[in-house]
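This briefing goes through a single protein chain by topic. Please keep the sequence and the structure at hand while reading.

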Amino acid sequence: MPMRKEILVAALAATATLVVAAAALRRWKRRKQWQLKQAHRILRKFARDCATPVPKLWQIADDLESDMRASIASNGTRGKATLKMLVSYADAFPNGDEEGFYYGVNLRGTNFLILCARLGGKNAPISDIHREEISIPSNVMSGNSEDLFDFIAAEVAKFVSAHPENENEPVKRTELGFTLSYPVDDAAATLGNVIKWDSFSADDTVGKNMVKNINRALNKHGVNLRVSAMVDDTVGNLAGGRYYCRDSVATITLGMGTNAAYIESAQELAHLNGPSRTSREMGISMEWGNFRSPHLPITEFDACLDSESLNPGSQVFQKLVSGTYLGEIVRRVLVKMAQETLLFGDPVPPKLMTPYLLRSPDMAAMHQDTSEDREVVNEKLKEIFGITDSTPMAREIVAEVCDVVSERAARLAGAGIVGIVKKLGRIENKRNIVTVEGGLYEHYRVFRNYLNSSIWEMLGNELSDNVIVEHSHGGSGAGAVFLASSQKENFDF
């Protein structure tokens with residue numbers, strides 16, 4: 001009898017334990033369900049705030065066109081316009097007949113790229129390309145423009161010696177294409193006046209004749225190359241587009257930064273101050289990263305990112321579109337989810353709180369992960385944020401946040417392209433090729449698809465074939481070579 005009683009008590013205790021465990025499991029499941037429900041609530045609101053339906057895209061395209069016209073009409077003072085619309089007075093753009101071996105320099109900031117290539121004419125592909133990236137020493141970066149150009153010229157001399165046009169012949173007197181990855185104030189093109197130097201303290205460069213300075217340095221180092229104009233690197237890419245097709249009207253940079261340049265008729269710019277124009281068309285660097293419109297879909301996360309940035313209220317479009325910021329927007333959304341829903345457990349992973357830790361290439365990898373249970377997302381969360389126990393549902397949410405951010409960015413860029421072509425009055429009856437350079441377009445397949453589909457949605461079946469988006473030719477820095485091929489020998493030093 002006592003034995004039976006003990007067995008009964010043990011059975012009751014075990015049953016009670018199972019009941020408690022089952023209740024705890026139910027509570028855990030309910031908590032998890034609530035957490036996921038709250039995370040999805042945040043995601044849905046974020047997606048609504050980021051939405052870019054076609055009517056909104058047209059509002060943005062129209063605002064961009066109006067801003068372009070206002071900036072041109074204001075003679076470069078911009079007035080209420082947000083675009084700088086920097087006119088490049090390079091002598092000409094290629095027409096596809098250019099032949100020969102050309103050299104170029106792309107000055108970027110803490111480094112510059114020297115390259116050479118051969119053009120075969122008749123729109124033949126660029127060939128025999130050689131590139132070399134040179135880091136700029138800290139003492140040169142902290143010096144003046146003379147130090148900078150002297151260093152560049154010395155490196156160009158070495159490069160030309162290593163990569164001559166013909167092995168047994170000296171380099172013939174020819175043009176050196178020179179592009180800058182900074183906005184260049186081309187109110188006088190061959191002056192190459194710099195608006196700002198983000199990485200240099202060479203303040204004496206501002207307002208001085210950079211072209212004369214670089215040509216003196218090249219002459220000093222015995223380099224038989226001369227620069228006739230310095231332009232924004234986006235305008236250089238525009239030259240590349242024109243070499244391959246006369247219908248190339250604009251070029252877009254979509255990488256860590258973003259910009260746009262397009263071909264404008266000289267007649268449209270006749271009222272602007274500047275040197276006399278020998279060409280019927282001019283390249284304009286829009287500096288569209290600073291574009292603002294009341295119709296841009298700005299969320300609470302974008303507003304916080306902007307207010308905490310080094311330039312609050314500035315570069316609004318860039319902060320929505322460029323690769324520098326896309327991963328950071330994703331991170332901020334995930335932080336809110338982690339804090340309010342414990343999406344990644346308790347406590348919030350400390351590394352998730354580190355700004356700009358998520359880079360756009362990693363964001364693209366997570367977004368494009370098609371593996372079962374999102375294993376790439378799992379690995380990236382471990383590698384970047386130290387999140388070792390993410391659930392499949394949490395990973396799915398991460399991928400969806402990446403999708404929302406990339407779709408908005410790509411569709412805004414698409415609206416910008418339509419706005420440019422609309423300004424040119426070419427949408428309805430002319431073929432327009434727009435070349436795109438940069439890692440977001442080249443390596444981020446879903447981003448590229450969203451951009452192309454946005455243009456198709458805006459223009460419809462009848463007109464979408466009039467706007468063709470292509471990847472730029474020749475790779476990074478090649479615009480300097482195309483620019484060199486079309487410039488006249490108009491050297492002054």
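How many of the 8 residues of helix α10 (residues 360-367) are buried? The count is 6, so α10 is largely enclosed by the rest of the structure. The model is a predicted one.

**Chain overview**
- The protein chain holds 15 helices and 14 strands.
- Of its 493 residues, 54% are buried.
- Taking contacts between residues at least 6 apart in sequence, 73% link residues at least 24 apart.

**Helix α10**
- The buried residues of α10 are S360, D362, M363, A364, M366 and H367.
- These buried residues pack against five helices that can be listed in chain order: α9 (323-341), α11 (375-385), α12 (392-423), α13 (439-443) and α14 (445-463).

**Helices α4 and α5**
- Helix α4 spans residues 145-162 and helix α5 spans residues 210-220; their axes come within 8 Å and cross at roughly 45 degrees.
- An angle under 35 degrees would count as roughly parallel and one from 65 to 115 as roughly perpendicular, and α4 and α5 are therefore oblique to each other.
- The crossing of α4 and α5 is right-handed.
- On the α4 side the contact is made by S145, F149, D150, I152, A153 and V156, and on the α5 side by M210, N213, I214, A217, L218 and K220.
- Sorted by class, the residues in this contact of α4 with α5 are 8 nonpolar, 2 polar and 2 charged.

**Residue T299**
- T299 lies in the loop between β12 (281-285) and α7 (300-307).
- T299 has a relative accessibility of 4% and so counts as buried, since the cut-off for buried is under 20%.
- Between T299 and D49 there are 250 residues of separation in sequence, yet their C-alpha atoms are 5.9 Å apart in space.
- Neighbours within four places in sequence aside, T299 is in contact with F46, D49, C50 and R408.

**Cysteines**
- How many disulfides does a search of the whole structure find? The search finds 0.
- C245 has a relative accessible area of 15% and is buried.
- C402 also counts as buried, with a relative accessibility of 0%.

Terms used:
Residues numbered from 1 in each chain as written. Predicted model: local features only at pLDDT ≥ 70, side-chain atom pairs only at ≥ 80, totals over all residues. Heavy atoms only, no water. Axes fitted to C-alpha atoms, helices over the stretch in contact; angles between N-to-C directions. Helix = DSSP H or I, 4+ residues; strand = E, 2+ residues; numbered from the N terminus. Parallel < 35°, antiparallel > 145°, perpendicular 65-115°, else oblique. Left-handed = near helix turned anticlockwise from the far one by under 90°. Contact = heavy atoms within 4.5 Å. Nonpolar A, V, L, I, M, F, W, Y, C, P; charged D, E, K, R; others polar. Disulfide = S-S within 2.5 Å. Buried < 20%, exposed > 50% of the residue type's maximum accessible area, 1.4 Å probe, protein only.
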